[in-house]
Amino acid sequence: MQRLARNGGTAELLRWLSGRADGWAGIAGSDGTVLSASGTVAPDAPQPPDVPSLVADGVRALAERGALAYSHDTGAHTALLFPLYADDRGAAPLLAVVTPRPVAAGLATLLADVLMPLSLCWETEAVERKRRRVDLAESRGREAVLHLLMTGQLSIARQVAGALRPRLPDPVRVCVVECPGGSRDEVARVCAEADGGRSWVVRCPVYARHLILVMPAEETPEGTATDEAVAALVDHCVVGVSEQVPLADTATGYRQAFHALAVAREHPARHVRFGLTPEPALVVGSAGRQWAEALLTPLLTHVPRRAQDPGSQELAATAASWLAFSSHATGHLKVHRNTLAARLKLIGELLGLDLHRLADQSALDLALRIRATPAPVCTPDPGEPTRTDTGGAAAPAHANGAAQDLDEVLRRPAVQEWAARQLAPMGGPAGPAAEETLRAWLGCEGRLGPTAAELGISVPGARKRLTRLETVLQRSLLRPPSARYDLWLALRAQEVKP
């Protein structure tokens, strides 16, 4: 019994008991429900009445009599019941055994002896189940806070985070850690210890090997960055880190960290910090904001026909999640793939976009990012004339005009400069081949098979080219969140250059 209690717990003890009793052994709740069981009556032996019903009847009889044990003969079988905890018989679970008659000599004594190790195993497993539920609840709570941050709902995120620790930092760096297989929980512990528990550590709901850290922007008191410490402490992990961003721009920080992660996989130190170009949403100016507002208005003003249908905010969050994670958005949003497909169809109909086209995906992605960016931090149009409204505030001269076309937005000098910086890494010796690969891939809607056919090479060959291009551009291309939207916009900006 002691060996089984240590190595196998309740399940092994019940299996052993059912063998010794040549019948059925289980644990029943105080209401007669069978909670755990093992064993069956041999086919050649007389078959007892329905075992769960027999056990439930015995539990009721034991409770009515207030006895320490109970036995009931059915003719061919005997049912034996013992409360696991003698000091709490009313609510305690019970050990139940159904055995053929006559009862084997010493079986009742054996059952009395097994109560102590069985009750300890049962209590230990109950505590472990509760601990797992608490851990799961905390993990889901942290995941919910991250989701709120990623969708720009900062005030609600702070309220939910108030019950957890640590306090959400601001400004932050976002770090994505790719863990060796099966070690995510251990790496999470290392991350928490590396900076004294100052960072928010969240298990990624999309990628099973990823941890997401929302870290304070300043270094640890010891002077060692948390991300560098984790890369040094954990073998075979890969770490990508964002620039310093406000807490409200956590989604931007995550995209940057994910792009840095793609580069870090090929880096000897297994650790890379992002630092290349600003967000396109920061350089589109008032023309870009008007264009985004006009594009998104049908979505943001949508009123569902039924109460259970998704509203405008939920649809916007669905679009952002799908653009970031593609089909993996089902794990991020916790919805079925058919639900995701139905929402995307509705979003496309509301906006008049074909979401199968990379051009429309890129436009929607830019519009959502502009909407999530505070207007005061956007780069103004140089020399843009302004007018003064009745309140005395300066406003663009075209503030009440029609929304600008996307190509007009892309012609802005600040956007042209952003596009040139995006594509500048391809200006080296490998530039023509790299640009050919990029244009073919984007022209084929980011699909590998058609890209390989367009380039006249094999699919593995196309994948290798794109992997090399990830290192050149310092961007993730093959795994979402992908830089393909930014790169499509950059190439389009070159095409419409004034």
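Trainee: What makes strand β6 and strand β8 a pair in this predicted model?

Mentor: Two strands pair if at least two bridges are found between them. Strand β6 (residues 172-178) and strand β8 (residues 210-216) have 7 bridges, in the antiparallel sense. So they count as paired. V172, for one, stands opposite P216 in β8.

Trainee: Which sheet do β6 and β8 belong to?

Mentor: An open sheet of 5 strands, in the order β7-β8-β6-β9-β10. The pairing is mixed. On average, neighbouring strands are turned by 15° against each other, direction ignored.

Trainee: Why do β7 and β10 stand at the edges?

Mentor: Each has a single partner strand, so one side of each is left without a neighbour in the sheet.

Trainee: Why does H271 count as buried?

Mentor: Buried means under 20% relative accessible area. H271 has 14%, so it counts as buried. H271 is placed in strand β10 (residues 271-273). Leaving aside neighbours within four places in sequence, H271 is in contact with D227, E228, A231, V239, V241 and A264.

Trainee: What makes β3 and β4 a pair?

Mentor: The cut-off is at least two bridges. Strand β3 (residues 70-73) and strand β4 (residues 77-83) have 4, in the antiparallel sense, and so they pair. D73 has T78 as its bridge partner. S71 has L80.

Trainee: Which strand pairs with β4 over 7 bridges?

Mentor: Strand β5 (residues 94-100), again antiparallel. There, L81 stands opposite A96.

Trainee: How do you know that β4 is mostly covered?

Mentor: 7 of its 7 residues are buried. H77, A79, L81 and P83 point one way, and T78, L80 and F82 the other way. All of these are buried.

Trainee: Why is the aromatic pair of Y254 and F325 called tilted?

Mentor: Take the distance first. Ring centres must lie within 6.5 Å, and these are 5.9 Å apart. Now the planes. Under 30 degrees is stacked and over 60 is edge-to-face. Y254 and F325 have 55° between the planes, so the pair is tilted. The structure holds 3 aromatic pairs.

Trainee: What does the pair of Y254 and F325 tie together?

Mentor: Y254 lies in helix α8 (residues 250-264) and F325 in helix α10 (residues 312-325), so the pair ties together parts 71 residues apart in sequence. Y254 and F325 are both buried. Ring pairs link Y207, Y254, F258 and F325 into a cluster.

Trainee: Where does the charged end of R479 sit?

Mentor: Over the ring of Y207, 4.8 Å from its centre. The distance limit is 6 Å. R129 lies over the face of W122, at 5.1 Å from the ring centre.

Notes: Residues are numbered from 1 along each chain as its sequence is written. This is a predicted model: local features need pLDDT of at least 70, side-chain atom pairs count only at pLDDT 80 or more; totals for chains, interfaces and linings use all residues. Side-chain values use heavy atoms; hydrogens and water are left out. Helices (H or I, at least four residues) and strands (E, at least two) are DSSP runs, numbered from the N terminus. Rings of Phe, Tyr and Trp (its six-membered ring) pair if their centres lie within 6.5 Å; planes under 30 degrees apart count as stacked, over 60 as edge-to-face and the rest as tilted. Buried means under 20% relative accessible area, exposed over 50%, partly exposed in between (1.4 Å probe, protein chains only). A charge sits over a ring if NZ of Lys or CZ of Arg is within 6 Å of the ring centre and within 35 degrees of the ring normal. Contact means heavy atoms within 4.5 Å. Axes are lines fitted to C-alpha atoms, for helices over the stretch in contact, and angles run from 0 to 180 degrees between N-to-C directions.
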